[in-house]
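Colleague: Could you walk me through this one? I'd like to talk about a hairpin and then the chain contacts.

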2 protein chains.
Amino acid sequence: MQGTAIAQPNIALIKYWGKRNTKRNLPAVGSISITLRELFTRMHVKFDASLAADTLIVNGTPDNAMLPRLASCLDRIAGPDRHRARIASDCNFPIAAGLASSASAFAAITVAAAAAAGKEFGQDSLASLAGQGSGSAARSLFGGFVELKNMDDDIRCATILDAAAWPLSVIVAITEKGPKAVGSTEAMDISRRTSPFYSAWIEQQDEDLATARAAIARRDFEQLAAISEHNCLKMHSIMWASRPPLVYWNAATLRCLETLRHLQRQGLGVFFTIDAGPQVKAVCLPEHAGEVADALRGTAGVTELMTTGLGEGARLENTA
Amino acid sequence: MQGTAIAQPNIALIKYWGKRNTKRNLPAVGSISITLRELFTRMHVKFDASLAADTLIVNGTPDNAMLPRLASCLDRIAGPDRHRARIASDCNFPIAAGLASSASAFAAITVAAAAAAGKEFGQDSLASLAGQGSGSAARSLFGGFVELKNMDDDIRCATILDAAAWPLSVIVAITEKGPKAVGSTEAMDISRRTSPFYSAWIEQQDEDLATARAAIARRDFEQLAAISEHNCLKMHSIMWASRPPLVYWNAATLRCLETLRHLQRQGLGVFFTIDAGPQVKAVCLPEHAGEVADALRGTAGVTELMTTGLGEGARLENTA
């Protein structure tokens with residue numbers, strides 16, 4: 001009746017922005033991500049017949065804001081007539097700040113809840129269940145380089161290259177720890193309804209996915225860098241052209257980009273990606289990680305750095 | 001055989017980005033601008049049979065970089081077999097830094113050269129001649145709120161509302177005085193060739209122009225603010241999604257936007273626009289200009305402020 005799972009956040013290189021089905025939380029486009037190693041969310045789920053209501057403790061503190069979405073996830077996994085649950089979560093990085101905390105959270109709770117409910121799901125079903133909680137969570141069930149494909153009225157995820165096969169480093173530059181002003185789900189809907197560039201984005205995504213897939217297969221860092229930065233800037237362009245505009249960047253975000261452009265001109269293997277938040281993720285060749293981290297640490301407005309490699313998918317933890 | 005003219009830069013609220021004819025320098029879209037009052041470029045042109053070559057002095061210093069474009073302009077006005085010319089220019093604001101210095105320069109030289117050549121041109125012909133030198137220069141021949149329309153293989157400009165009829169203020173926040181890395185002409189061509197959003201931009205421009213035209217006619221500040229900011233962010237989105245990306249903003253640019261967003265939430269009548277450079281132009285109701293200037297002056301990274309109202313079109317100066 002209980003289960004504990006750990007999952008890592010993932011960062012999309014070819015981004016997901018916009019839904020084709022809001023109710024089922026189906027993405028409008030496919031995406032390609034890398035699963036991180038050092039950042040994690042651990043979720044413990046315990047179904048208990050004696051409880052009158054679900055409870056959620058995040059990093060030791062009760063949290064009611066996230067509870068409804070997590071409870072719906074438990075309903076989908078254990079059935080609506082399930083016992084109420086105690087949910088406890090530990091997370092070693094800022095939450096709701098554009099660092100894919102919901103991806104790792106929903107991947108972890110899906111795996112933990114399935115175990116707690118004593119149910120066996122295949123990876124495809126788990127991915128589908130996780131994806132209904134958070135669009136990007138399905139990818140965190142898998143490790144390394146992961147592709148999420150749209151399949152009729154469902155999604156399908158798979159590792160396209162293992163973490164060990166191309167061990168890149170990721171430096172996350174935190175520029176602001178507070179939660180973002182507009183959540184991704186609402187922001188995606190604003191973009192879908194109002195951005196004049198939304199349809200062009202949807203149309204071109206398959207080409208970007210193919211380019212990135214080929215670059216990953218060839219371990220072609222330069223090609224992956226070019227398509228990832230382009231896809232990221234396109235996503236933010238769509239947001240900026242939305243009405244009202246969605247600007248997640250701050251001054252330090254832009255300064256980090258300048259720092260990375262400078263390193264690129266010096267020949268370092270590094271590129272940026274930015275999600276719906278002000279943090280900058282620098283993906284780099286491991287031999288350049290130290291230099292990239294030093295440069296970002298020295299960039300005004302960067303309050304914290306996290307350095308990580310690529311990691312595994314979500315998994316159960318053996319608890320005593 | 002000589003003439004002196006003065007012209008003010010203009011700032012487009014509904015932007016021009018991209019050309020439909022590079023050779024004739026015809027814009028891909030129409031635009032609406034405001035002509036400023038306090039910033040100026042003065043151009044003195046003297047045709048002299050004794051000269052072996054054209055010369056250009058900018059703010060007292062010889063400048064050969066701009067000379068070929070200005071010389072071509074003189075050829076178009078005075079004919080290719082004209083005498084060589086001494087050109088002297090004075091400009092009271094940073095040049096080639098995204099402050100429309102080329103607009104005021106080409107508007108002024110067109111008027112000065114026509115006088116020096118002893119030729120009479122109508123305003124339409126002058127606008128067409130100025131526009132061949134710099135796409136936005138045609139607008140600086142007119143004062144107040146100016147619309148540039150595409151007409152077959154030419155352009156047509158006119159004042160749609162006089163400066164005095166709706167006396168707005170403009171605060172220009174300078175964040176960097178150096179010339180930009182990529183000039184507008186080259187950048188527009190990169191966008192036309194590579195930006196996935198370019199065609200959507202072209203298609204929607206007429207609607208944005210109509211919205212702004214109606215807002216100006218009604219003196220509807222809020223509506224003009226909304227469409228101007230939207231159009232500006234769209235233009236920058238196109239640049240960012242270009243390959244290579246064209247990012248003209250710096251950290252202070254973004255910080256100025258945050259400052260202005262904050263003022264807007266407090267109910268102040270102010271909106272931003274940004275051209276191909278890192279400077280932020282805040283257009284505001286005159287009664288709020290002081291507060292807007294104070295807030296921008298207090299924004300980190302702003303090195304200089306210029307406050308101006310709306311002004312007249314290019315005109316000859318009586319010289320002794």
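Modeller: Strands here are DSSP runs of E, at least two residues, and helices are runs of H or I, at least four residues, both numbered from the N terminus. This is a predicted model, where local features need pLDDT of at least 70, side-chain atom pairs need 80 or more, and totals for chains, interfaces and linings use all residues. Residues count from 1 along each chain, chains are lettered from A and ligands numbered from 1 as written, and side-chain values use heavy atoms, without hydrogens or water.

Colleague: In which sense do E10(A) and E11(A) pair, and over how many bridges?

Modeller: Pairing takes at least two DSSP bridges between the strands. E10 of chain A covers residues 145-151 and E11 covers 154-161. Their pairing is antiparallel, and the bridge count is seven.

Colleague: Which residue in that hairpin takes a positive phi?

Modeller: Two residues sit between the strands. The one with phi near 45 degrees is Asp152(A).

Colleague: How many residues of chain A are in contact with chain B?

Modeller: Contact means heavy atoms within 4.5 Å. Chain B brings 25 residues to it, and chain A brings 25.

Colleague: Which helix gives the largest share of chain A's side?

Modeller: H5 (198-217), H6 (221-240) and H7 (251-265) of chain A each supply at least two residues there. With eight residues, the largest share comes from H6(A).

Colleague: How many salt bridges cross between chains A and B?

Modeller: The rule wants a Lys or Arg side-chain nitrogen within 4 Å of an Asp or Glu carboxyl oxygen. Across this interface, the count is zero.
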